[in-house]
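Please look over the structure shown here and work through the questions that follow.

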Amino acid sequence: MRRRPIGSPEPDSALTTRRMQLTPRRHTTPELQLQSMLRAAGLRFATDISPLRTLRRKADIVFRKLEIAVFVDGCFWHGCPVHGTWPAHNAAWWRGKIERNRARDADTTRRLKAAGWLVIRVWEHGVRPNSTRRILAHVIRRRAQGSARGVGRAKRRTPPRPELAPKIWPRSRRRATPPA
Ligand SMILES: [Zn+2]
């Protein structure tokens, strides 16, 4: 969720102004609500950070070791199918803006998935105990899979190249080699 960007047209209708006032700012209700519900469920996580160093986009909730990123998408800015409304004034600008946000969301999800992350997107209107349970279920599943997935550094370690293998042969092979 973000503030109205610099350079965006001034909202020129009472309705748009009202919507801007209702649009939560960074670190207001929905994200904070979800974070506190997850903490109450005993989970620990990072907040408002980029899950990947190469990705210049922040997630609202990040389980680094488990590689789970949670995004709370604002109904207005991300074009929620239920509450997403398209302002009549500056319609083209707003439509373009919201479409770009959506394309960016999809791209972020794609990149994280490609890096082995689990991406959970929650609509602002969907922040309620149900979404906490859903995230909790993913965390539990991901923890259980942890050793199999080789969570952490080990997963990314490349297999040793043959030329780096020890020069000394195993004892059994050495014995089998006829003397020169
Ligand atoms: Zn919504």
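Q: Which residues of α3 are buried?
A: The model is a predicted one, and a residue counts as buried when 20 or more other C-beta atoms lie within 10 Å of its own. By that cut-off the buried residues of α3 are Trp94, Thr108 and Leu112.

Q: What length does α3 reach from its first C-alpha to its last?
A: Helix α3 runs over residues 91-114 and has 24 residues. At 1.5 Å a residue, the expected value is 34 Å, and the helix comes close to it, with a reach from first C-alpha to last of 34 Å.

Q: Which residue just after α3 takes a positive phi?
A: The helix itself covers residues 91-114, and the residue in question comes just after it, with a phi of about 90°. That residue is Gly116.

Q: Which element gives the most to the largest nonpolar core?
A: The largest nonpolar core has 19 residues, and those with the most contacts inside it include Ile61, Phe63, Ile68 and Val70. At least two residues each are supplied by α2 (29-40), β2 (59-63), β3 (68-73), β4 (118-123) and α4 (129-149). The element that gives the most, with five residues, is β3.

Q: Which residues does Ile68 touch, not counting residues up to four places away in sequence?
A: Ile68 is among the residues with the most contacts inside the largest nonpolar core. Leaving out residues up to four places away in sequence, Ile68 touches Phe63, Trp117, Leu118, Ile120, His138, Val139 and Arg142.

Q: Is Glu67 buried or exposed?
A: Glu67 lies in the loop between β2 and β3, and its phi is near 55°, a positive value in a residue other than glycine. Because Glu67 has 20 C-beta neighbours inside 10 Å, it counts as buried.

Q: How many other C-beta atoms lie within 10 Å of Asp48?
A: Asp48 has its place in strand β1 (residues 46-49), and its phi is near 55°, a positive value in a residue other than glycine. Asp48 is partly exposed, and the number of other C-beta atoms within 10 Å is 13.

Notes: Residues are numbered from 1 along each chain as its sequence is written. This is a predicted model: local features need pLDDT of at least 70, side-chain atom pairs count only at pLDDT 80 or more; totals for chains, interfaces and linings use all residues. A nonpolar core is a set of buried Ala, Val, Leu, Ile, Met, Phe, Trp, Tyr and Cys residues joined through C-beta atoms within 7 Å. A residue is buried if 20 or more other C-beta atoms lie within 10 Å of its own, exposed if 12 or fewer, and partly exposed in between; C-beta atoms are placed from the backbone. Helices (H or I, at least four residues) and strands (E, at least two) are DSSP runs, numbered from the N terminus. Two residues are in contact if their C-beta atoms, placed from the backbone, lie within 7 Å. The expected span of a helix is 1.5 Å times one less than its number of residues.
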